[in-house]
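Hi,

Here is the structure I promised to pass on.

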Amino acid sequence: MTDRSISRREVWIHLLFWMCLFLLNLVPTLAGDREMQGFFLLRFLINPIVFYANYAFLVPLLLLRKRVLSYILVSLTLLIVLNKLANLFLPEIPLVSQTELDQIFQDRKFIPPVQSVRLVMSAMLSTGFFLLGGTIALVKNLYQKEELSKAKEIRQKESEIQFLKAQLNPHFLFNSLNSIYSLVKDKSNDAPEAVISISEMMRYMLYEADKELVPLYKEIEYLKNYISLQSLRLVNHELVGFRATGNYESKKIAPLLLISFIENAFKYGTDFKGKTEVQINMEVIENKLHFECRNQLGQNGKRDKESSGVGLTNIRNRLALLYPDAHELHIKKSEDYFTVNLLLDLNQNEMHNHR
């Protein structure tokens with residue numbers, strides 16, 4: 001259910017509407033055309049009661065939650081009971097005088113009782129206000145959903161921009177270019193491969209990452225290139241591993257969703273001598289992606305109380321926006337290891353984007 005908080009402007013609109021309607025009913029009495037009956041105000045209050053019963057309670061709690069049968073039964077019961085009680089204990093609002101009714105039916109062979117006409121008109125009036133309340137509630141709900149959707153889209157775009165900026169930071173480029181420079185200087189056979197890796201990463205971020213969904217295999221290739229570049233600056237990278245299994249060729253995922261976990265693994269898992277231990281495992285079972293990133297804590301990670309970085313905060317926000325109710329994220333830090341486990345329902349995000 002969307003937020004149904006009422007603004008001050010909306011309160012004034014409602015008050016003005018009912019005030020005008022109340023004064024409109026008083027005009028014939030003030031003009032002396034009709035005689036004021038007792039309990040006029042109480043009788044008039046039936047209309048706001050049925051209006052707000054539908055507007056504030058029945059539509060939000062039953063109809064919008066797809067409990068249609070319960071909504072119909074409760075609505076009919078409410079209308080019948082209120083009209084029955086009003087007819088038993090409260091006088092009728094004089095919609096027309098006895099003389100006017102006689103004039104209306106004088107040319108007809110069958111003249112219905114005045115009381116029956118009033119009962120029918122009163123029931124129709126209360127039903128009309130009841131339906132009006134429901135209609136306005138539905139329109140308001142649609143408007144709120146549209147506003148929430150726009151706000152979510154704006155937040156998502158802002159998050160994407162911040163994330164891309166974080167990826168294209170000078171520090172990452174500086175380290176990568178330094179590593180490539182060292183390889184070229186040493187005439188290493190790995191230099192051409194490193195240039196290709198950073199080229200592929202830049203191409204992916206520029207031409208693929210602006211899409212809502214990308215093929216999972218392309219995201220995996222991007223992660224492999226990143227790990228390859230990071231491994232260049234390590235003294236010992238035998239304990240760096242990446243494995244992807246399952247039928248992921250046909251699956252799609254939000255771009256640049258997993259890179260922050262791996263960035264932090266290298267950042268906090270590398271010691272001053274360039275030694276590190278990072279193990280990354282991805283497995284796709286049906287439509288579920290199981291992702292695990294585990295790194296041994298280096299000196300940076302042990303000094304940092306949270307070892308989370310800005311990237312993990314950002315990815316929590318992205319997961320909440322892109323995969324609401326479709327992900328489970330568990331982060332565990334022990335004395336020597338930092339472990340991230342993510343379970344992602346890939347089908348949920350794809351269906352959401354096709355709506």
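The second largest cavity in this predicted model holds about 50 Å³ of space. A cavity here is a set of points, on a 1 Å grid over the protein atoms alone, where a 1.4 Å probe fits but cannot get out; lining residues have an atom within 4 Å of a point. Grid points are joined across faces, edges and corners, and the volume is the space filled by probe spheres set on the points. By this rule there are 2 cavities of 30 Å³ or more.

Of the 10 residues lining the second largest cavity, F261, N264, A265, N295 and F338 are the closest to its centre. The largest share of that lining, 4 residues, is from α10, and α10, β5 and β7 each give at least two residues. (Helices are DSSP runs of H or I with at least four residues, strands runs of E with at least two, numbered from the N terminus.) The lining has 7 nonpolar, 3 polar and no charged residues, with Ala, Val, Leu, Ile, Met, Phe, Trp, Tyr, Cys and Pro counted as nonpolar, Asp, Glu, Lys and Arg as charged, and the others, Gly among them, as polar.

F261 turns up again in the largest nonpolar core, which has 51 residues; I253, L257, L258, F261, F291, Y323 and L344 touch the most other members. Such a core is a set of buried Ala, Val, Leu, Ile, Met, Phe, Trp, Tyr and Cys residues joined through side-chain atoms within 4.5 Å. Buried means under 20% relative accessible area, exposed over 50%, and partly exposed in between (1.4 Å probe, protein chains only). A second, separate core of 17 residues includes W18, L21, I46 and L82.

Now the rings: the structure has 10 aromatic pairs. Rings of Phe, Tyr and Trp (its six-membered ring) pair if their centres lie within 6.5 Å; planes under 30 degrees apart are stacked, over 60 edge-to-face, the rest tilted. W18 and Y52 make a tilted pair, 6.2 Å centre to centre with 50° between the planes. W18 sits in helix α1 and Y52 in helix α3, so their pair ties together parts 34 residues apart in sequence. W18 is buried at 10%, while Y52 is partly exposed at 26%.

On the numbering and cut-offs: residues are numbered from 1 along each chain as its sequence is written. Local features need pLDDT of at least 70, side-chain atom pairs count only at pLDDT 80 or more, totals for chains, interfaces and linings use all residues, and side-chain values use heavy atoms, with hydrogens and water left out.

Cheers

Conventions. 1 Å grid on protein atoms, 1.4 Å probe; cavity = no way out; pocket = protein on both sides within 12 Å on 5 of 7 lines; lining within 4 Å.
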